[in-house]
Amino acid sequence: MRRANRTEVKEFLFQGFSSFQEHQLTLFVVFFALYMLTLAGNVIIVTMIRMDHHLHTPMYFFLSVLSTSETFYSLVIIPRMLSSLVGPNQSISLEGCAAQLFFFLGFAITNCLLLAVMGYDRYVAICNPLRYPILMHWRVCATLASSVCTTGFLLSLVQTVAIFRLPFCSSLIEHFFCDVRPVLDLACATPVINDILTLIISLLAITAPATFLFVSYVLIISTILKMASAEGRKKAFATCASHLTVVIVHYGCASIAYFKPKSENTRDQDQLVSVTYTVITPLLNPVVYSLRNKEVQDALRRVVGRKSLS
């Protein structure tokens with residue numbers, strides 16, 4: 001893709017939800033409400049896990065890390081999106097756009113990898129229960145969590161630097177935040193190496209962990225079906241249900257967003273998918289793990305009970 005009249009671009013302008021002009025106030029109210037629920041839900045989960053010793057297990061340690069990452073992930077996108085719905089200023093500097101893309105990708109990739117680590121935790125707990133205390137020692141958990149975060153932001157740094165080394169010939173982003181494809185579309189020319197790099201990072205961040213999770217759950221389900229006790233099978237399935245629900249939605253949205261052919265892209269479709277993985281998916285995590293998880297519900301009752309007694 002090449003454009004004429006190349007000029008130095010110092011800031012970008014978001015087109016945002018301009019096609020929904022008459023509904024922007026309604027969108028603001030809806031998105032703001034969902035954002036508040038997301039923040040409250042994730043804060044409650046992290047607080048419950050920290051305060052209740054019954055939840056001091058590897059599974060809930062990774063859940064608290066995921067909730068923290070999801071909170072910052074939504075913080076990178078949603079506040080600016082909300083301000084653009086009610087305010088006139090929809091511009092962002094070149095440096096600000098690079099920073100937003102870096103943190104967005106960093107937390108997004110971290111979340112994908114964390115879900116894979118949580119799948120590994122469930123695999124060890126169900127398929128190798130006797131070795132679980134050794135394989136999922138606290139030092140191992142801390143190493144896995146820190147490695148995942150480091151990997152996520154290293155991949156994000158590589159992608160961001162590769163994109164913002166390009167010259168830009170247009171400043172209008174047909175989106176509501178700085179995402180990979182909308183920003184690349186503004187480049188005067190997109191070298192093949194950038195497309196290859198985007199594909200490689202997508203494979204590492206989405207396909208590889210999704211494949212790992214698929215194999216893990218095949219082994220997990222196979223092990224559960226071999227259990228003699230019906231109660232044991234029910235409990236094992238229950239411990240995996242919440243995680244599997246989040247995994248399906250999370251990877252499903254990411255795959256649609258980053259593996260869909262460019263020729264099939266339309267602005268409205270892209271925005272719909274983007275709203276799903278920037279607004280809905282971060283809310284899904286606390287909702288699923290609080291409404292469908294008995295241990296978290298019991299922990300909430302214990303903490304509330306302690307506070308009311310004091």
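**Ground rules**

I am working from a predicted model, where local features need pLDDT of at least 70 and side-chain atom pairs count only at pLDDT 80 or more, while totals for chains, interfaces and linings use all residues. Residues are numbered from 1 along each chain as its sequence is written, and side-chain values use heavy atoms, with hydrogens and water left out.

**Entry 1: the overall layout**

I started with the secondary structure, taking helices (H or I, at least four residues) and strands (E, at least two) as DSSP runs numbered from the N terminus. The protein chain has 10 helices and 3 strands. Reading from the N terminus, I get the order β-α-α-β-α-α-α-β-α-α-α-α-α. The chain has 310 residues, and 46% of them count as buried.

**Entry 2: two helices and their spans**

For the expected span of a helix I use 1.5 Å times one less than its number of residues. Helix α1 (residues 24-51) has 28 residues and reaches 40 Å from its first C-alpha to its last, close to the 40 Å expected. I then listed the buried residues of α1, among them F31, L34, Y35, T38, I45 and I49. A reminder to myself: an α-helix has 3.6 residues a turn, so residues three or four places apart point the same way.

Next came α7. Its 34 residues should span 50 Å at 1.5 Å a residue, and the end C-alpha atoms are 47 Å apart, which agrees. I also checked for a bend, meaning the angle between axes fitted to the seven residues ending at a position and the seven starting there. α7 bends by about 40° at L203.

**Entry 3: the cavity**

Rolling a probe the size of a water molecule over the atoms shows where empty space is left. On a 1 Å grid over the protein atoms alone, a cavity is a set of points where a 1.4 Å probe fits but cannot get out, and lining residues have an atom within 4 Å of a point. Grid points are joined across faces, edges and corners, and a volume is the space filled by probe spheres set on the points.

How many cavities of 30 Å³ or more does the structure hold? I found 1, and the largest cavity has a volume of about 250 Å³. Of the 18 residues that line it, L105, A108, I206, A254 and Y258 are the closest to its centre. The elements giving two or more residues to the lining are α3 (94-127), α7 (192-225), α8 (230-259) and α9 (267-291).

I sorted the lining by class, with Ala, Val, Leu, Ile, Met, Phe, Trp, Tyr, Cys and Pro as nonpolar, Asp, Glu, Lys and Arg as charged, and the others, Gly among them, as polar. The lining has 13 nonpolar, 5 polar and no charged residues.

**Entry 4: aromatic rings**

Rings of Phe, Tyr and Trp (its six-membered ring) pair if their centres lie within 6.5 Å; planes under 30 degrees apart count as stacked, over 60 as edge-to-face and the rest as tilted. Searching the whole structure gave me 16 aromatic pairs. In one of them, the rings of F61 and W138 have their centres 5.9 Å apart and their planes at 90°, so the pair is edge-to-face. F61 lies in helix α2 (residues 58-86) and W138 in helix α5 (residues 138-164), so the pair ties together parts that are 77 residues apart in sequence. F61 is partly exposed, at 23% relative accessible area. I also noted a cluster in which ring pairs link F72, F102, F103, F107 and F153.

**Entry 5: contacts across the sequence**

L55 lies in the loop between α1 and α2 and counts as buried, at 1% relative accessibility. L55 and E295 are 240 residues apart in sequence and 7.7 Å apart in space, C-alpha to C-alpha.

V296, in helix α10 (residues 294-309), is buried with a relative accessible area of 7%. V296 and D52 are 244 residues apart in sequence, yet 9.3 Å apart C-alpha to C-alpha.

My last stop was C178, in the loop between β3 (172-173) and α6 (180-184). C178 is buried at 0% relative accessibility, and its C-alpha is separated by 9.2 Å from that of G96, 82 residues away along the chain.

Technical notes:
On a 1 Å grid over the protein atoms alone, a cavity is a set of points where a 1.4 Å probe fits but cannot get out, and a pocket is an open set with protein on both sides within 12 Å along at least five of seven lines; lining residues have an atom within 4 Å of a point. Buried means under 20% relative accessible area, exposed over 50%, partly exposed in between (1.4 Å probe, protein chains only).
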